[in-house]
Amino acid sequence: MTRTVDTPAHPTRSYERLRPAMRLFYLWTLSRSRHVPSPRGRPTYRADSPDPDTVLLIGTGPTHGFGVTSHEQALTGQIAKETSKSTGRACSVDYIGDEMMNAGSARSWIGDHDLSLYDTVVVMLGLNDAVMLTPLEGWQRDVTTLVTDLTRRVHPTARIVLVGVQPVRSVTRFDNPFGSVADRHAARMNEITERIAAQHPSASYFRLPPGELQPGRPHGCETMYRQWGAVVADRVAPTLDVVRRGETVEHIGRTSVAPVVPERVAAQLEVARLAASVAAPAPVDPVVAQLEAARAAVARLEAEQAVAARPADAPASARPADAPAPAPAAAPAPAPTPADAPATALGTGATSTTDAAPPARPRRALPEPTFEWSGAEKLVELASSGGSDTLQDLARRAEKEFGVDVAVVSLLDGKKLYYAVNTELLPVSIPRELTFCDVTVAADAPVIVEDARKDDRFKDNPYLDLNHGYFYAGHPIHSSSGEAIGTFCLHNTRPRKAKSVSSEKLAEFARLAELELQSYETAEGGHDLPTMYETREAAVAAAVSGRAPQAAALAQGVADATSVVAAPRPAATPTAAPSAAAAGAGAVPVAAAAAPTPAPTRVGRHAAP
């Protein structure tokens, strides 16, 4: 049964009146961080081993990797490498999160990710919540819900490590009076997080220390992430050792030989270790001796039971030379415990091992990401380095044309939305359920949201607390088969009227973006033919190298394929606009006549003229 945390009163402090100003300050710092290096590749570090330890890192702030360009250099890779040094085993780490994630949206970012694959889950949330002065009641509710959900979804042997917010002023962009205010709030948040961890036997807590920045690297560096990786590894390695030994304990537990309670012993071992300060080495604890003694006793009893189970007339040679002679059947003696061991470890509260020992987590490799639309992988790969020149140009022109803060092309694939451009400001991907574009694609019609704070579908969206993108206008983008796969959309921090956006011009931008996206599609049936994107790139390369005939032929192929895509579409039957209830307050569907109809059936990779 999951225990809940009592909700203490959180008296409002005078500094909390600064919340609106702190939110604006955080938004300003995000805009100033637009060109700061950060990892854009796959958020994972995979060990080259068939049976590595597995860790899932969930978080924001230190986990995002400001100042470095790869997840191997950032905290994801450093935790894997430092943990491997501590355990002597390979370690793989996956990362879920972004600077634009907070405690309220963390569960959406996790989505339906298979948490049973991980031995330990490390949660680092709160830096942005501290800076924005997230109300303490909301912080406690969100963290409690998250930990409860993690506990329910992870494997029974897995551990959850909650990491407190680092000193806020140790972050360069927050080293100012605003950071001092955030530090006061972070201290109260950390107290709440520590109490929540104490209420869950499989969870533990510690606070992250300040990072060590190199000269000239104010935003972050590999040295800082290596230091933090070592601190986290010092807390994670013992949990991984316990989980590994849990496989042996589970095997013994099925024999019902001795009342071993690995979960309770492991929890006490972990709490004792994490009671030390961040900088101090962990002391040797009697629980370690207790665990080893219990394991040895169970091993002896298992050997005795195996010998006793042999037929009485079995030849002596069938028994091991060092095995004791069969003894009359009797109840096995309880495992001895050290005199200084806690009485609750193997005392009267212990249950039979059949009930107490959880099944061992199957050792298997972590899965690789997959995509549904054939062109998604290439598009996401290009987005990590800024996106295609065509999409970048369209975004810049649209920002100027409509006078908005951000114009972007999105791709919805599976449970995620991927941004094709402007990823230095926006996340590479976010949970689909948090996005405006999900509504646009679901309706397959243009949608305008004048003010998301007044729209019933979005006013409680935690993502709004971070991006402040209250105005939205989106037009669907289709694959070559006519399926809505993304949007061309506009975002603005200030609300605007729907009439400020021309539906015809928005549809024109969407059509040009649609042509570009379709050029990444692969052929049906897996034919080894070039995409239009690859053909175009080859034409450019041939022209640069002076191979004019080849360039002309390639360019003609692109023109032929594009002409099919750009051919006038047959008149579409007008689509009914979404109902007022479906649209929600502040949402204005654009006239259905402006929505493009599906293109004639073709294959984007080898379109026939």
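A pocket is an open set of grid points with protein on both sides within 12 Å along at least five of seven lines, and its lining residues have an atom within 4 Å of a point. The views below show a predicted model.

**Figure 1. The largest pocket and its lining.** The largest pocket of the model is lined by 45 residues. Pro43, Pro369, Lys416, Tyr418 and Ser429 lie nearest the centre of this pocket. Its volume is about 1,400 Å³. Two or more lining residues come from each of strand S3 (91-96), helix H3 (106-110), helix H11 (376-383), strand S8 (416-419) and strand S9. By class, the lining of the largest pocket holds 17 nonpolar, twelve polar and 16 charged residues.

Figure 2. Serine 429 belongs to strand S9, which covers residues 429-431. The relative accessibility of serine 429 is 14%, so this residue counts as buried, the cut-off being under 20%. Leaving aside residues up to four places away in sequence, serine 429 is in contact with Trp109, Lys416, Leu417 and Tyr418. Lys416 and Tyr418 are also listed with Ser429 among the residues nearest the centre of the largest pocket.

**Figure 3. Aspartate 438 in helix H13.** Aspartate 438 is found in helix H13 (residues 437-443). With a relative accessible area of 23%, aspartate 438 is partly exposed. Its contacts, not counting residues up to four places away in sequence, are Leu412, Arg432 and Glu433. Leucine 417 and aspartate 438 are 21 residues apart along the chain, and their C-alpha atoms are separated by 8.2 Å.

**Figure 4. Strand S12 and its partners.** Strand S12 spans residues 484-492, and nine of its nine residues are buried, so the strand is largely enclosed by the rest of the structure. Strand S7 (residues 406-413) pairs with S12 in the antiparallel sense over six bridges, with alanine 407 opposite leucine 490 of S12. Strand S11 (residues 471-478) also runs antiparallel to S12 and is joined to it by eight bridges. Here histidine 475 has phenylalanine 488 of S12 as its bridge partner. S11 and S12 form a hairpin with five residues between them. In the turn, glycine 482 has a positive phi of about 95°.

**Figure 5. The largest nonpolar core.** In soluble globular proteins, nonpolar side chains tend to be buried together. The largest nonpolar core of this model has 101 residues. Leu150, Val168, Leu391, Phe488 and Leu490 have the most contacts inside this core. Helix H6 (residues 177-198) contributes the largest share, seven residues. Another core, of 26 residues, lies apart from the largest one and includes Val55, Leu57, Val93 and Val122.

**Figure 6. Valine 168 and its surroundings.** Valine 168 is one of the residues with the most contacts inside the largest nonpolar core. Beyond residues up to four places away in sequence, valine 168 touches Leu127, Ala130, Val131, Phe174, Gly179, Ala182, Asp183 and Ala186.

**Figure 7. The largest cavity.** The model has six cavities of 30 Å³ or more. The largest cavity has a volume of about 190 Å³. Its lining consists of 18 residues, and Val171, Arg173, His219, Met224 and Trp228 lie nearest its centre. Helix H7 (residues 222-253) gives the most to this lining, with three residues. The lining of the largest cavity divides into nine nonpolar, eight polar and one charged residues.

Key
Residues numbered from 1 in each chain as written. Predicted model: local features only at pLDDT ≥ 70, side-chain atom pairs only at ≥ 80, totals over all residues. Heavy atoms only, no water. Helix = DSSP H or I, 4+ residues; strand = E, 2+ residues; numbered from the N terminus. Buried < 20%, exposed > 50% of the residue type's maximum accessible area, 1.4 Å probe, protein only. Contact = heavy atoms within 4.5 Å. Core = buried A, V, L, I, M, F, W, Y, C linked by side-chain atoms within 4.5 Å. 1 Å grid on protein atoms, 1.4 Å probe; cavity = no way out; pocket = protein on both sides within 12 Å on 5 of 7 lines; lining within 4 Å. Points joined across faces, edges and corners; volume = space filled by probe spheres on them. Nonpolar A, V, L, I, M, F, W, Y, C, P; charged D, E, K, R; others polar. Pairing = 2+ DSSP bridges.
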